Each structure stands twice: as C-alpha cells, then as structure tokens.
Amino acid sequence: MALFSWKGESKRVRREYVIRLSLIALLVVACVVVLRFFPIRQGLDLQGGANITMVADTRAEKNVLEDVRKIVLERLRKAGLEKVPVTIHDDREGFIVKVGSREAVSAVRQAIGQSVVWESETRKVNLNLSYGEPKEVTDGYEVLVTAAQEITREAMEKAKTVVDLRVNGLGLSETVVQLDQNSNRLIVQLPGVKNAAEATENLVRVARLTFRIDGKVVMDGSDLVRAEATYGGNYNAPVLKLILTKEGGKRFETITGQNVNKLMAIYLDEEMLMEASIREKISGGEPYVDFNGSRTIDQVKVYAVQMNSGALPVPLRVIASSTVGPTLGKEAIKASIMAGIIGLLLVFAFITYFYKVPGALASLALIIYAVLALGILASLRAVLTLPGIAGFILSIGMAVDGNIVIFERIKDELRTGKHMRAALEAGFSRAFMPILDSNLTTILTGAVLFFLGTGLVRGFATTLIIGVAVSLFTVLVVTRAFLGVLVDRYPDRFARYFES
Amino acid sequence: MNIIGKRRIWLTFSGILMLIFIGSIIFKGFNLGIDFTGGTTIEVPLPRAVTAPEIEEMLNVPELAELNLESAVIQPFSRLDEGGNARYGVLIKTRLVDGEFLSNAVIEKAVARLESQMGITIDRESLAIEKVGPVIGADLTRNTILAIIIATAGILLYVTLRFEFMSGLAGVMALVHDVLFVLGVFSLLGQEVGSNFVAAVLTVIGYSINDTIIIFDRVRENLRNRKKGETFEELVNTSVIQSFRRSVNTSVTTILAVMALFLLGGRSLKEFTFAMIIGMIAGSYSTIFIASPLWVVMRNWQEKRAEAKRRAHATR
C-alpha cells in the first residue's frame, strides 16, 4: 500500500478532516496575530497600573455662590454691618470679606454664621462656612470664608459605585475602588494604565445622558431636570418618572408624536440603561418609564441615581495620580509563570503516559486551546488577573477532563469488539452528552456570576465562560480532527494505543 | 468493589466533618485579609526606585510585628512631578488588626527603619497616611453570596431538567459539601482569606459540579439499558466503577497542575492554590462518595414513599 493512497470511503472523510484542520490552523494563526499585536493586559496584581486619589469637589457653582453672596450681605445688613464688602473668591472656594480691624472679624463671623442653605426648584445645597486667618491688606484685613458643600457619606458611597461602574462596566478591567474612611477621598487603581492623566479625565467627567431613537440622539441630559423612582403605571408597580424642562417637555411631545410604537433608548455615555416603547404622544413633560412590574423599586432607584446629575452624585477632582508596581511582586510572578508551565508539562506527561499517542495529541490540542482562549481574551481587551487565571485553570482542567472522558469511552467501545473507526465515532458521540452537560452547567454558573457579580467575580466569570466555550470546541473539534485523520490512516496502530 | 453499599460510612464521615467545619465557621470565623478589612495605607516617598521584596526585607523584623507584613501589600510607585522629574516611593498597605488602624508610633518606627536601612532621611510632612475601607465591602460580599446562591439554584434547575430532581439535589448537596470543606479548612487553620480566596471558591463550585455530572451521565445511560432485576443501588455502583478510571485520572492531572503552582509559585499564590487543592480533593471525593450515594438514598426514599402511597391506595 502506497503511503498516501486512500480508499474510496476514506477520500471523503479525508477531505472533510483536511478542511477542518485548515480551519483550526487558520484560527490559531489569527489568535497568534492578535496576541502579537494586542498583548493581553495584565491586572493590578500582575502588572501594576495607575493609582488615582480623588476628592469630592466641595466648591459650589458660580451662580450658587452669587445667590449665597446676597444671603450673606443680607445677614450682615441685619447685624448692622451693611458697609462690609463681600466678593466671590476667584477659584470658587468661597468669599472674601474685608473688614477694618481685627476686632471686627468676630462680629462679622457672628453675623454670617456657620452655614447657608441654598435652594432652587430642583436642588438643595448645604454650604458649611469656615473662616481663615485675617490677612493684613493696605486698608484693613481680608478674611477668606470658605464655603464647602456638605458631602454626605451616602453621596460618597454613590460616587464610589458610579466610578466603579464607569471603570469596570464590562467586568474585564478589574479595578480597585476604595473609599477613604475619614477624608471623603476615593482611591482608584487602574490596571495597566500608563497614562494616568488620560484615565482620570474619563473618571471625573460628568457622564452624558442621551435619549436615542434608532440609534440617533434625539434628546440629552440637558432636557432632564431629574429622574425619580416611584409607583405608577397600569399595575401601580415601580416606574421611573422623568421630570423634563419646559423645553424638553415640548421636544418630548413632538418626538413621541412622530415615533409612536418605536423604541426609545436611554444611554449613559455608550452604555444603554434601558429601552422603552413609545405608546402614544406624550405631553406635559412628566413621562414615566413603565417596567410593567419587572423591576423592583430599588432597581429603579439605581436608574434614577445613574441618570441624575450626570450620574456622579458629587463632582470629583483628582488630587494625585501615580504609577504603581504590581501587588504580587515581579519575582513572585516570574516564579508563578514557571510553576504554571511546569504544571502544564506535568499534565502533558501524565496524559501522554496514560494514553500514549492519543494523549500526546490531546496535549497538542491543549496548547491550541490555550492559544485560542488567550487570543479571544486579548481581542476582548480583557485584563488578566489572578481570579481570571483561576477561571482559566478551571477551564483547562475541564478540557483535560473532556479528553479523558472521550478516551475512556473509546476504550469501552473497543472492548465491546468494535472496529477502531467505529469505536472512535461511538466514543465521541457517547461522550458528547456528558461533556455538553457539564460544560453547559459551568457556563450557566459563569453567566449568573457575570450578571450578578462585581469586580473580581466578574473577571473570573468572563475568563471561565470563554475558557469553557473554547475547551468545548477543543475537545469536540480539535482532538476529534486530529484523531479522525490519524485513526483513519492507521486504525490498527491506534487500536493498540487505546487497548494498552 | 461496593462503594454505594458502604454509603453509611462515607455519609457519616462527611456529616461529622461538616459539623466540625460549620462549628468552626460559626465560632472561630475567618482570618480576614486586607481585601475584606481595609486598613492603613502609608505612602512613603523615596529618593530612588525600589522593589517590593527589597522593602519587605527591610521591614521584616520582630520590632515591626504590628505591621502584619505577611498580610500586607507592598507596591513601589513612581510619578512625574510638575517639573517633569521622576519621583519614587512605596505604598505600604496594612490590614486592620482587631478593628484598629496602624498607630502613629508604629508608622514612625517603620519609617525610621527605612531611613536607617537605606541611609536616607524622609520628610515626615511628605508621608501620606490614609485609612481606607475594604475593597470587598459588605455590599460586595452580600452580592457575591447572592450570586452564588442563584447560580446554585440554576445548577439545580439544569440538572433537574437534564436528569431528575433527586440527582440535582444530590449534586447541589455535594457542591455545598465541597464549598463548606474549603471554608472549614481555612477557618480551622486560621488561613488568611482574601479576594483570591473568593475566586478559588468559585473555581471549586465549577469543578465540583463538572465532576459530578460526568458520573451522573453514566447513571443516566445505564438506566436506559437497565437489566431486569438490577436495583438502582447496583446500577449506580456499576456506573461509579465504570467511570472510576476517568475520575481518578482527571483528578490526578488537575490536582498535579495546581500542586505545581502551589509548591513553586510565588507567596501570593499560596492562599489561592491551597484553596483550590483542598476544593479539588473534596470535589473528587464528594462526586464518588457523597453525590452518588445521596442520589441512591433520596431515590430509594422517594420510591418507598410512592410505594407506600400505592399501597394505601390499594387497601382503600
């Protein structure tokens, strides 16, 4: 028999396997290219990143300060100090009050007091006033009265959640967001970020709220006064009430009139918060989004928080940013990579020892598996961290298990007296169900963890889902193609490998 | 080999272990790491670039035991100042001990130690000391536990649909066994628990259910070709033995790989890989000795009840 002659039946089989093998090779090459040009970003623990400290910007807006200045002047007038000049600080820190003598300072202080409340139709701001040391100037003394907005702990907690969402929307970038207990500071660590300035710009930016129909922006956050979670609709269930500006209300009326039965989506930057169908033309400027009871009041409250004040409950400003080294230490990482490689080699040695040539083929399939999984993670711009690696190890374990299950099944089939080719077919089809079931359960678990979890749980879930999906592919397609082509060519030899 | 027949032994053994573990979790609790407790972060500016092991070595002295260095995180940093010059330093993050942040005296001692070791003076004004909250706060913990419970319910549902309710219940009980096993061992040994531990526990859940389903599939297949007179108990026993080689081979290979990481990997991997090894051993054991026997026990119970009902019906 010539080396490369094929029997009639085998010719078709061979063509099929050649196509499959070339497809696999193509995928591997694609993944290698991706990995070459877009290497996997490593997380804070593995690579370090940017360390950013932010504080709540307690300064009030210019127009608020202008109103407050009037209140301050009024208070001074009531205390008989109408001649005292009050100017707004250039950097919006507060006011500068000019007095004739040191002794007059305490009188001014008493007159103005410790706090001012500013209120508009939509907002209420508590300003705490504190007094600096009097500074001598040419014709008297200047006192800086700092006006700081009261920042509640609750508001900082919300800011933390918003920042967390903003940096970790996809769950791929494993950031650390911590709240300092006593100084109302947020400390954010971003993995793999070299340019901290660029990263912070995104964090403190007040997000843009847009309303879109068919992907086109029709209204934006400037049309919204505020969003509220309340009860209403057909079922008196939780709904999201939008209170629009006068202009926004008119615009909303026109838009809804023209787009009845279409979907309107609400976006925070490029992330869609919700989508609602327009039932009819809505006038009055106070529409609501009816979830028909599918959301709890707490969930709707989260939407409201996200939409109000451009998502950040308090304005933040960056006070320090620096680049930090990995938390795990470079030496530890080197040792761990070495250990990982040794572990993988042990796995190869073990399955090759137990399953001979088929085991070696499975090892090759595992290498392909690793390249594919890493390639996909890289193209998703995932950040690899220790929990991510945990998900990866589990999926490698499942790929190994899949191979072992199939090999054992093929052995069983051979024992019943089947011919090698038939045993291969039967082995794969019998192993299909358990492998599918176990992998699907794991993917299901991963999906739940992804949707409900945050931070590291999400990172774990992402790599797990991708890893398991690729492992399923490796076991059922790659190992199969390898074995198929070789068993077809050398059935007797493979029968011996499997029977030993 | 009659594994299922000796189920009383395995189930009693595991039952006692579970009681010990639950007791330890309730009464002894966990040795929570910095991710769960938060703590003090000290930012120390230094005149040159340093590495984490270098700083660790300098601070690793008995006088500075209060730093709790083994659970601390040391991160060197660099930044450019306004003038464009590189500034170096190190972030030392220590965890809360008995709810206390680091005292100024300890911080002073640590800074003085760095000064004498590096032969430099550090301006005390330039130290930034922050008391930070946990990375994994109460919210995140609650969230994660909720996610795990819902995921478990999902597993129960899936296995019930693909197999039967009793098998789903048995699988989930084995899963709970494995998770409690890891939690219990960590609690008993007082091993530190950090965010990576959470990832390891999640891995154990995945491993446990994967391992169990492969065996249950054998049972399902053998049920289809059930011989006359074969009891469910015998059938499950046969299935377990048929897939015994696969179970052993898979467990040995995966545990081998993780063992290599445990023995040779860096210090920071120890907690994580140790939890995985414990969990994988528990998972491999529970598939054969807990999940399969439990399925038999519960199915027998179910059949007995159905039988009793039938009989009650017949006598009426």
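Which residue in S17(A) is the bridge partner of A:Leu240? The partner is A:Val289. The model is predicted.

**Sheet in chain A**

- Strands S13, S14 and S17 of chain A form an open sheet, in that order, with antiparallel pairing.
- At the edges are strand S13 (224–232) and strand S17 (288–290) of chain A, each of which pairs on one side only.
- On average, and with direction ignored, neighbouring strands of this sheet are turned by 25° against each other.
- Strand S14 (residues 237–244) of chain A pairs with S17(A) over three bridges, in the antiparallel sense.
- Strands of a sheet pair through backbone hydrogen bonds, and the pairing may be parallel or antiparallel.

**Helices H10 and H11 of chain A**

- Two packed helices are described by the distance between their axes and the angle between them.
- For H10(A) and H11(A), the axes come within 8 Å and cross at roughly 150°.
- Angles over 145 degrees count as roughly antiparallel, and H10(A) and H11(A) are therefore roughly antiparallel to each other.
- The crossing of H10(A) and H11(A) is right-handed.
- The H10(A) side of the contact includes A:Met398, A:Gly402, A:Val405 and A:Arg409.
- On the H11(A) side, the residues met include A:Ala423, A:Phe428, A:Arg430, A:Pro434 and A:Thr442.
- By residue class, the contact of H10(A) with H11(A) has twelve nonpolar, four polar and three charged residues.

**Contact between chains A and B**

- On chain A, 62 residues are in contact with 61 residues of chain B.
- The elements of chain A that give two or more residues to the side touching chain B include two strands, S9 (176–179) and S18 (316–324).
- Helices H9 (330–379), H10 (386–415), H11 (420–452) and H12 (456–489) of chain A are also among the elements that give two or more residues to that side.
- H9(A) supplies the largest share of the side of chain A that touches chain B, with 17 residues.
- The residues on this side of chain A divide into 36 nonpolar, 20 polar and six charged.

**Chain B as a whole**

- Chain B has ten helices and six strands.
- Of its 316 residues, 44% count as buried.
- Among contacts in chain B between residues at least 6 apart in sequence, 78% join residues at least 24 apart.

Conventions. Residues numbered from 1 in each chain as written. Chains lettered and ligands numbered in written order. Predicted model: local features only at pLDDT ≥ 70, side-chain atom pairs only at ≥ 80, totals over all residues. Contact = placed C-beta atoms within 7 Å. Helix = DSSP H or I, 4+ residues; strand = E, 2+ residues; numbered from the N terminus. Nonpolar A, V, L, I, M, F, W, Y, C, P; charged D, E, K, R; others polar. Pairing = 2+ DSSP bridges. Axes fitted to C-alpha atoms, helices over the stretch in contact; angles between N-to-C directions. Parallel < 35°, antiparallel > 145°, perpendicular 65-115°, else oblique. Left-handed = near helix turned anticlockwise from the far one by under 90°. Buried ≥ 20, exposed ≤ 12 C-beta atoms within 10 Å, placed from the backbone.
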